[in-house]
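Here is a short note for a first look at this structure.

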Amino acid sequence: MENGNKVAIITGGGSGLGQSTALRLAEEKVNIVVVDISEKGGNETVEMVKKLGVEAVFIKADVSKQEEVKNYVDKTVEQFGKIDYFFNNAGISGSGSYFLESSIEEIEQIVGINLLGALYGVRYVAEVMLKNGGGSIVNTASSAGVIGQDSVVTYSATKHGIVGLTKSMVAEYGKDGLRVNAIAPGPTETPMVKSFYEANPAMKENATKGIPQRRLGKPEEVAELVTFLLTSKAEYINGEVIRIDGGFTNTK
Ligand code: NAD
């Protein structure tokens, strides 16, 4: 089994894209560390994943706090001795307000979770990976990380930041066996998007109209891409930002 004994950390693993990816990686016999701020979601994923016959643990963390990020990395190393794969995925969308109507607290919260959380994660995880000769990281960007969109200015700024993190890490550490790629999903039917569109119904209709395939993405489709990028099947793909959006950003 190619992926047997491999260990993956998934942040935001308690829901949506993180949970789907945990299940898909477990099918490949990868052991899973689920990191999430939600105990309920995190434990739910662990139970689902264990049924597929791999080891799985939940570590509670708020990724915007560097000491909690260091803790999930340290705990993973204590338990498994290494980190092969990292799906750096936890994120929030924000309220959908126009930028000049956004509070400073909301701006700081989105930046703290989506950008600082991702930077801290790569900072500590890559250190462990490089000591062991390398590893593979997938960061979650977004369509809003490759094009400009209204109602998501802060979110878009953080996701463009994820793209910079991805490319520049490869410039520094590609030679040492580190692969870092990003995914840029369009609207995908996860709990985050469902609640966002419930609060902003006109945006759902608009979003679907703007997608050439005329439907939202499915979490399982994203999980398939992340699994491919993380594992050795994508060995020579590095520093890429792969769009998975039904053609949405290509028409912009
Ligand atoms: P989701 O809300 O279903 O899942 C996100 C998970 O992250 C939740 O379990 C939540 O508890 C966790 N989380 C939130 N804040 C956290 C924190 N501070 N620390 C630790 N965990 C935290 O959302 P999703 O749609 O699966 O989103 C996952 C990622 O994908 C996000 O980075 C999001 O920006 C990105 N994304 C989603 C879509 C989409 O349409 N669903 C599109 C593009 C990008």
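1. Start with the residues around the ligand. This is a predicted model. There are 29 residues around the ligand. Those that come nearest are Ser-15, Asp-36, Tyr-155, Thr-188 and Thr-190.

2. Next, the make-up of that shell.

3. Which helices supply the shell? At least two residues each come from helix H1 (16-27), helix H5 (153-173) and helix H6 (191-199). H6 gives the most, with 3 residues.

4. Asp-62 places a polar side-chain atom 2.9 Å from a ligand nitrogen. Val-63 takes part through its backbone: a polar atom there is 3.0 Å from a nitrogen atom of the ligand. Thr-188 also uses a polar backbone atom, which lies 2.6 Å from a ligand oxygen. Thr-188 is also among the residues that come nearest to the ligand.

5. How much of the ligand does the protein cover? On its own, the ligand has 830 Å² of accessible area. The protein covers 92% of that area. As for location, the ligand sits in the largest pocket.

6. Last, the salt bridges. The whole structure has 11 of them. One to look at joins the side chains of Arg-24 and Glu-27, at 3.5 Å from N to O. How are these two residues placed along the chain? Both belong to helix H1 and are 3 residues apart, so about one helical turn separates Arg-24 from Glu-27. Helix H1 also supplies at least two residues of the shell around the ligand.

Technical notes. Residues numbered from 1 in each chain as written. Predicted model: local features only at pLDDT ≥ 70, side-chain atom pairs only at ≥ 80, totals over all residues. Heavy atoms only, no water. Near = heavy atom within 4 Å. Polar contact = N/O pair within 3.5 Å; in protein donor to acceptor, adjacent residues only side chain to side chain. Areas by Shrake-Rupley, 256 points an atom, 1.4 Å probe, with all protein chains shown as cover. 1 Å grid on protein atoms, 1.4 Å probe; cavity = no way out; pocket = protein on both sides within 12 Å on 5 of 7 lines; lining within 4 Å. Sits in = over half its atoms within 2 Å of the grid points. Helix = DSSP H or I, 4+ residues; strand = E, 2+ residues; numbered from the N terminus. Salt bridge = Lys/Arg side-chain N within 4 Å of Asp/Glu carboxyl O.
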